[in-house]
Amino acid sequence: MAGVTSDRCPGVLRPHQAADGAMVRIRVPGGRTTGTALAALGEVAARHGSGLLQLTSRASLQVRGLPGVPPTDFEDAVAAAGFLPSVEHERVRNVVCSPLTGLDGGLADLRPLVGALDRAVIADPALAGLSGRFLFGLDDGRGDVCGLQPDLTYLATTKEHGLLLVGGQHAAPVSLSGAVAALTGYARSFAAAAAASGAWRVRDLPGWVAALPGLRPVHPPEPTPLPLGRVGRHASVAVPLGLLTPDQVRVVAEVGGDEAVVLTPWRGLVVAGAAEQLALLLSAGLVADPSSAWATVSGCVGAPWCASGRVDTQALIRSVAGLHTDWPRTHVSGCERRCGAPTGDHLDLVAPSRTTLLAVARPELVAHG
Ligand code: SF4
């Protein structure tokens, strides 16, 4: 069982010690924030750490390069920016939501559900015992979040009704208005069942799923990929290597202001109402071309940031990204842990030599020596 060792998932109050200093993970339920809040967090990252904001595959943010024991000033500043509403629940506020819900497409507007679910999780002492890896999903019917295989998912099937998926393969019907109570109810039941075994994820406890009444097998919809570029009135961009630089944060804040900026689980941003300012976002190095390697190739942080890294994955990707377009979905890892690898089908390159990446980017160069 994967989740029987101690849960060392990092949080703001539980930094992970990396080769480049302490790293903290900041939960952003539904990836939903604003340009103004992102700018405030960027200032905190620059004052105390490397200044980069790193996007994760769960639409969280990471700040790196902090002192080994981050000062309380840092924690206070994260809280003041609105990213630490609960000390007890900070690592369990793991909610992914369809990034374009309520903005473009989808069967239902799930934006209100993000805040309602987050408040319900924070209000429930029993849920503080969930693992930091336990994931809630809110899918507005396009299948994008189901593809991330959350532990519990509300999947809209109409504007007012949907299914509650437990572990992705079994579901019960539930109304939109009853979704938060159903999600937290199942989560409470899982937390109680998991307490004895130390399990982290629903997939670790198939017996618990099998014993739940009223579930039937389901096949979630095929995921619809998130479009890049202009999406209606909105702008959708990829963030190269998932690393937002201080200059990029400044531009996103300028463009987004107090409007919604949605972090996506595919290391991108949706900036609400910003279609007309897409060029400004692109001038900062953000990407709207889906055939660009920056939109399809991701990597773990690798060496020298991570002591386990056998290669500098970021430098490796930078060195070959310009050689080729139309990369398959690819993830490059510095060791077998494959941190940040996407859930769906992808080319999985572990601790590659430069030749391995070149074999993908320019096979003719490798074939002819
Ligand atoms: S995959 Fe390995 S090298 Fe990369 S960040 Fe994770 S532990 Fe470090």
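Pro-304 is located in the loop that runs between β17 (297–299) and α9 (313–321); helices (DSSP H or I, at least four residues) and strands (E, at least two) are numbered from the N terminus. The peptide bond leading from Ala-303 into Pro-304 is cis, and its omega is near 0 degrees.

The model is predicted, so local features need pLDDT of at least 70 and side-chain atom pairs count only at pLDDT 80 or more, whereas totals for chains, interfaces and linings use all residues. Residues are numbered from 1 along each chain as its sequence is written, and side-chain values use heavy atoms, without hydrogens or water.

**Backbone and accessibility**

Two residues other than glycine are described here for a positive phi. Ala-59 has phi near 60 degrees and sits in the loop between β4 (53–55) and β5 (61–66). Arg-338 has phi near 55 degrees and belongs to the loop between β18 (330–333) and β19 (347–350). The table gives relative accessible areas; buried means under 20%, exposed over 50%, and partly exposed in between, with a 1.4 Å probe and protein chains only.

| Residue | Relative accessible area | Class |
|---|---|---|
| Ser-236 | 1% | buried |
| Ala-59 | 2% | buried |
| Cys-9 | 4% | buried |
| Arg-201 | 10% | buried |
| Cys-335 | 15% | buried |
| Arg-338 | 33% | partly exposed |

Arg-201 occupies the loop between α4 (179–197) and α5 (206–211). Its side chain makes polar contacts (N or O atoms within 3.5 Å; within protein, one able to donate a hydrogen and the other to accept it, with residues adjacent in sequence counted only if both atoms are side-chain atoms). One reaches the backbone oxygen of Arg-133 at 3.4 Å, and in another a polar side-chain atom of Arg-201 is 3.1 Å from the backbone oxygen of Gln-149. Beyond neighbours within four places in sequence, the contacts of Arg-201 (heavy atoms within 4.5 Å) include Arg-58, Phe-134, Asp-151 and Phe-190.

Ser-236 is part of strand β13 (residues 234–238). A polar atom of the Ser-236 side chain lies 2.7 Å from the backbone oxygen of Pro-227. With neighbours within four places in sequence set aside, Ser-236 contacts residues including Leu-226, Val-231, Leu-269 and Val-287.

**Nonpolar cores**

A nonpolar core is a set of buried Ala, Val, Leu, Ile, Met, Phe, Trp, Tyr and Cys residues joined through side-chain atoms within 4.5 Å. The largest contains 39 residues, and Leu-53, Val-78, Leu-244, Leu-269 and Leu-281 have the most contacts inside it. Helix α1 (residues 35–48) contributes the most to this core, namely five residues. Apart from residues up to four places away in sequence, Val-78 touches Val-12, Ile-26, Leu-41, Val-44, Phe-83 and Leu-84. A second, separate core has 38 residues, among them Phe-134, Tyr-154, Ala-187 and Phe-190.

With a disulfide taken as a pair of cysteine sulfur atoms within 2.5 Å, the count is zero. Cys-9 is in no disulfide, and the nearest cysteine sulfur, belonging to Cys-339, is 11 Å away.
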